[in-house]
Amino acid sequence: MKKILFVASEAVPFIKTGGLADVVGSLPKYLDKRYFDARVILPKYMCMREDIRNSLEYIGAFYIDYAGTRKYVGVLKKELDGVIFYFIDNEEYFGGPTPYGDWLYDIEKFIFFSQAALCALPFVDFRPDLIHCHDWQTGLVPVYLKDRFAGGEFFRGIKSVFTIHNLKFQGTWDVKTIKYFSGLSDYYFTPDKLEAFKDGNLLKGGLVYADAITTVSKTYANEIQNPFYGEGMDGLLRARKNDLRGIVNGIDYNEFNPETDKLIYNNYNSKNFRKEKIKNKRALQNDLGFPVDDRKFMLAIVSRLTDQKGLDLVEYMMDQICDENTQLVVLGTGDPRYENMFRHYAWKYPDRVSANIYYSEDMSHKMYAAADAFLMPSLFEPCGLSQLMSLRYGTLPIVRETGGLCDTVESYNEFESKGTGFSFANYNAHEMMDRINFARHIYYDKKREWNKMIDRAMAVDFSWKQSALEYQALYDWLIG
Ligand code: ADP
Ligand code: GLC
């Protein structure tokens with residue numbers, strides 16, 4: 001039995017701000033339990049749902065020396081779907097209203113978390129063969145495995161994998177500060193190690209010291225070796241390209257299943273969607289105060305509202321997108337510029353635009369089920385899960401050809417009757433608009449073709465089945 005530990009800052013169903021949580025919460029479940037004992041360690045945030053927080057079982061506590069003082073480390077545990085989740089408790093660090101907040105404080109708390117997570121392993125008596133780290137918050141774990149934790153018997157020989165979910169966020173601050181919190185010596189703060197452009201960089205720790213690097217799609221794995229997508233790390237990633245692979249994300253097909261989903265208005269499947277899916281649209285139209293009209297083209301956006309997601313293209317085209325036959329439903333929070341932009345258009349076109357500026361699992365499922373199409377014109381997209389959820393619910397994605405969107409959405413080809421969505425190549429508002437118009441044309445004038453696309457979209461398989469095998473092969477290769 002090979003033992004794997006996932007270290008991450010979020011995982012469903014405990015805490016989620018984006019796709020990282022979906023991946024960390026679901027992938028361990030789908031690893032083959034006959035060969036892998038995969039566990040997860042997370043911070044115990046006060047902002048987790050109260051019933052979940054109260055259901056955690058207390059194991060014990062110890063203290064570590066951190067940043068000049070003794071810090072409390074509580075350890076809790078919960079088993080879910082056959083996977084053990086451990087939690088690191090420290091109310092000073094994890095007591096805030098959201099998992100992330102102030103940049104500098106986040107750096108301090110996730111360095112603490114990385115150290116505490118490693119120290120907790122002998123305490124809970126789980127010695128992993130491999131630690132799978134996710135994003136900048138856990139970038140120091142591979143470094144510590146080769147540094148201060150390398151000496152003792154317990155940690156010797158533990159392998160590490162570092163997965164890039166988003167290269168944009170790197171956890172950077174001045175060298176002095178990172179050195180202080182990490183407790184790492186001068187040796188580590190050179191441009192070939194943790195220093196990048198004169199700053200200390202936690203993500204770079206993962207990229208330099210992990211035994212293997214992965215990212216969440218093949219296209220993004222190639223893209224980040226170039227300066228445009230590389231966020232300053234492209235040289236390093238080219239140098240490590242033999243240790244870098246892209247493994248496309250899956251989604252939890254049990255949770256995201258229109259046939260059984262309890263959050264949607266009306267269940268349907270790939271056989272009866274022609275009659276049954278539309279009931280979701282009618283119900284949502286009704287709930288949102290829109291005209292209840294089957295002929296309206298309902299376009300959905302469920303997203304963090306940030307530049308990454310291509311929302312400046314959407315902003316530029318809002319008047320054209322929201323024509324008299326279209327209903328745009330937006331769910332998201334983020335940059336006030338985009339929050340206010342969507343609020344403005346909801347005011348301008350109350351029967352065409354619905355701006356839901358909040359976070360809601362419930363509403364997101366209802367939208368995936370109700371909409372006709374899903375818009376995701378990202379500037380960059382390591383994988384993207386929303387388009388996978390849309391495909392599963394027969395809601396056709398309109399995407400830009402970047403990262404995982406390239407690898408998961410096949411562009412409609414009207415001559416060969418192929419494709420599962422609509423895509424455009426350049427980051428250009430007119431190209432995006434052209435695809436939206438084309439999608440509307442197929443929707444209105446070639447309904448049979450549209451429905452055949454839904455057939456194909458609902459038939460593609462982005463469950464974890466295939467990708468879990470790829471992770472297993474990687475673990476096997478590293479552990480030997
Ligand atoms: P990212 O991780 O970059 O935010 P992904 O597409 O990988 O993008 O994952 C986003 C996840 O977060 C999806 O599960 C999506 O449904 C969910 N999500 C984003 N915004 C919201 C929101 N406001 N309410 C509910 N779910 C949301
Ligand atoms: C990041 C990326 C997104 C990816 C998710 C999970 O948040 O922005 O594309 O799907 O991580 O890997």
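N437 is found in helix 17 (residues 429-445), helices being DSSP runs of H or I of at least four residues and strands runs of E of at least two, both numbered from the N terminus. Between N437 and Q115 there are 52 Å in space, C-alpha to C-alpha, and 322 residues in sequence.

The model is predicted, so to speak of its local features takes a pLDDT of at least 70, and side-chain atom pairs count only at pLDDT 80 or more, while totals for chains, interfaces and linings use all residues. Residues are numbered from 1 along each chain as its sequence is written, chains are lettered from A and ligands numbered from 1 in the order in which they are written, and side-chain values use heavy atoms, with hydrogens and water left out. The chain averages a pLDDT (the predictor's confidence in each residue, from 0 to 100) of 97, and 100% of the residues score at least 70.

Turning to ligand 1, there are 22 residues around it, a residue being near if one of its heavy atoms lies within 4 Å. The nearest are G19, R304, K309, Y368 and L385. Polar contacts are pairs of N or O atoms within 3.5 Å; within protein, one must be able to donate a hydrogen and the other to accept it, and residues adjacent in sequence count only if both atoms are side-chain atoms. A backbone N or O atom of L385 sits 2.8 Å from an oxygen atom of ligand 1, and a polar side-chain atom of K16 is 2.9 Å from an oxygen atom of ligand 1. The protein buries 93% of the 560 Å² that ligand 1 exposes when taken alone (Shrake-Rupley areas with a 1.4 Å probe; for residues, only the protein chains shown count as cover). Strand 13 (297-305) gives the most to this shell, three residues.

As for ligand 2, 14 residues surround it, with H165, N249, Q308, E381 and G384 the closest. Oxygen atoms of ligand 2 lie 2.6 Å from a side-chain N or O atom of H165 and 2.8 Å from one of N249. Of its 310 Å² of accessible area on its own, the protein covers 94%. Domain 1 (2-250 + 465-479) and domain 2 (273-461) both give residues to the shell around ligand 2, so it lies between them; the bounds come from an automatic or database domain assignment.
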